[in-house]
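This report describes a single protein chain for a reader who is new to structural analysis. Please keep the sequence and the structure in view while reading.

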Amino acid sequence: MNPGDDWARWGDDWQRQPTVDADRLRRRVRRKRRQMQLVLGFEWCAALFAIGQVLRLLLDPGIGLRWKIWAGLALLLVSASVYLSLRVRRGTWQAASDGMPGLLRLSAKRAKAGIRLAWLNIASFPVLLAFTLPLAAPWLAPSRWRHDPALEHLLLLQVGINGIVIVPLLVFFAVYIRRQRRRLRRIEAMLQDYAE
């Protein structure tokens, strides 16, 4: 066997090794964990605020049955969202090992969870509309709100605020999903390199 062939083969093997900066990946994993904790804290605060508002509606004796039904359904939606959010994040907090494959698998798991969370948030909007619009239908008739300035103001305020909040959120989620899919493809390619 020719020693020059061995050197060439070893050189080829060395060049095929994955080029991942281990320290950078560890820092990114730690930073992502802190980001996840902040997002989860924000979600919990928003959920507690929403639950407080819904409970206020449920307990207010001046609110009609129609809006008490809405409040009960909204309470179920918020509770289901919190549960599903926690379930999707399960197993994404820390790596099973501190080695490269373990950190890459954790990063892939987090990217997949991020995509599922974004879809969960996107899906919550039509679900909310599905039970809000039928219950609000009597107030949405133009003959009703055109003659009631307070109702007209409330509807315009709701449409304005929700439009300002929901449309940018939907755009953000769409961009986020695309970014996470690209990231997931890169991570899976690196994992494939480690497997070979």
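## A buried threonine and a pair of helices

Thr132 is buried, because its relative accessible area of 19% falls under the 20% cut-off for that class. The model in which this residue is seen is a predicted one. Thr132 belongs to helix H4, which covers residues 100-140. Its side chain reaches the backbone oxygen of Leu128 at a distance of 2.7 Å.

The chain as a whole may now be considered. It holds 6 helices and 0 strands, and from the N terminus its elements run α-α-α-α-α-α. Of its 196 residues, 25% count as buried. Among contacts between residues at least 6 apart in sequence, 72% join residues at least 24 apart.

Two packed helices are described by the angle between their axes and the distance between the axes. The axes of H2 (residues 22-59) and H3 (residues 65-89) come within 9 Å and cross at roughly 160 degrees. The angle is over 145 degrees, so H2 is roughly antiparallel to H3. The crossing of H2 and H3 is left-handed. The residues that make this contact include those listed below.

| Helix | Residues in the contact, among them |
|---|---|
| H2 | Val39, Leu40, Glu43, Trp44 and Ala47 |
| H3 | Lys68, Trp70, Ala71, Gly72 and Ala74 |

The residues of the contact of H2 with H3 divide into 18 nonpolar, 2 polar and 3 charged.

Technical notes: Residues numbered from 1 in each chain as written. Predicted model: local features only at pLDDT ≥ 70, side-chain atom pairs only at ≥ 80, totals over all residues. Heavy atoms only, no water. Axes fitted to C-alpha atoms, helices over the stretch in contact; angles between N-to-C directions. Helix = DSSP H or I, 4+ residues; strand = E, 2+ residues; numbered from the N terminus. Parallel < 35°, antiparallel > 145°, perpendicular 65-115°, else oblique. Left-handed = near helix turned anticlockwise from the far one by under 90°. Contact = heavy atoms within 4.5 Å. Nonpolar A, V, L, I, M, F, W, Y, C, P; charged D, E, K, R; others polar. Buried < 20%, exposed > 50% of the residue type's maximum accessible area, 1.4 Å probe, protein only. Polar contact = N/O pair within 3.5 Å; in protein donor to acceptor, adjacent residues only side chain to side chain.
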